[in-house]
Amino acid sequence: MQDQLICSGCKRVLQYRRGDTRVCCAGCNNFTAAKPSEMSELVCGGCFTMLMYNRGASNIRCPHCSRVNSTRSANQIGHLSCGHCRTTLAYPPGASTVECPTCRCVNPVRDARPQTVLVENPKTLDGKGKVVSSVSVGVTSWKR
């Protein structure tokens with residue numbers, strides 16, 4: 001990803017890689033300090049459009065589909081390329097497959113790690129009137 005800044009020497013607009021701390025202008029050879037970006041980005045969960053937002057925001061509304069997206073999990077969203085049409089797809093943590101909205105191809109998330117699932121059922125009473133807990137544990141993976 002790239003950001004822009006104004007050269008402190010000749011006032012030209014310079015593009016630089018996000019994360020760089022200093023940028024050298026090719027026109028005047030002046031170094032300009034790059035401030036940390038105030039903006040971040042996420043993929044809309046409704047229409048998969050890339051959205052830009054101020055880092056302090058907790059939610060962002062997509063201008064295309066009007067879905068309200070939480071920014072808290074934006075850095076946890078994974079990306080992959082559809083195996084059929086090459087559309088970039090976004091998926092939430094723990095997803096085992098992602099369906100492409102363009103071609104409807106179901107794509108496995110190859111780096112999906114097994115997840116432990118814990119289910120606690122309501123407590124019951126046994127024959128002696130004693131409270132009994134019922135807990136189930138399972139493991140899921142993308143290989144289904």
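Modeller: G138 counts as partly exposed because its relative accessible area is 26%; buried means under 20%, exposed over 50%, and partly exposed in between, with a 1.4 Å probe and protein chains only as cover. This is a predicted model, in which local features need pLDDT of at least 70 and side-chain atom pairs count only at pLDDT 80 or more, while totals for chains, interfaces and linings use all residues. Residues are numbered from 1 along each chain as its sequence is written, and side-chain values use heavy atoms, with hydrogens and water left out.

Colleague: Where is the place of G138, and what separates its C-alpha atom from that of V117?

Modeller: Strands are DSSP runs of E with at least two residues, numbered from the N terminus. G138 is in strand β14, residues 131-140.

Colleague: Which residues form a nonpolar patch on the surface?

Modeller: Like charges are joined within 9 Å, and nonpolar side chains (Val, Leu, Ile, Met, Phe, Trp, Tyr) within 5 Å. Here L118, V135 and V137 form such a patch, with about 320 Å² of accessible area together, by the Shrake-Rupley method with a 1.4 Å probe. L118 is found in strand β13, residues 115-125, and counts as exposed because its relative accessibility is 62%.

Colleague: Which residues make up the largest nonpolar core?

Modeller: In soluble globular proteins, nonpolar side chains tend to be buried together. A nonpolar core is a set of buried Ala, Val, Leu, Ile, Met, Phe, Trp, Tyr and Cys residues joined through side-chain atoms within 4.5 Å. The largest one has 8 residues: L80, C82, L89, Y91, A95, V98, C100 and V109. A second, separate core has 7 residues, including C7, L14, Y16 and A34.

Colleague: What is the value of phi in S66 and in R86?

Modeller: Phi of S66 is near 70°, a positive value in a residue other than glycine. S66 lies in the loop between β7 (59-61) and β8 (68-70), and is partly exposed because its relative accessibility is 43%. For R86, phi is likewise near 70°. R86 is placed in the loop between β9 (78-81) and β10 (88-91), and is exposed because its relative accessibility is 59%.

Technical notes
Patches are made of residues with over 30% relative accessible area and no salt bridge: like charges are joined within 9 Å, nonpolar side chains (Val, Leu, Ile, Met, Phe, Trp, Tyr) within 5 Å. A salt bridge is a side-chain nitrogen of Lys or Arg within 4 Å of a carboxyl oxygen of Asp or Glu. Helices (H or I, at least four residues) and strands (E, at least two) are DSSP runs, numbered from the N terminus.
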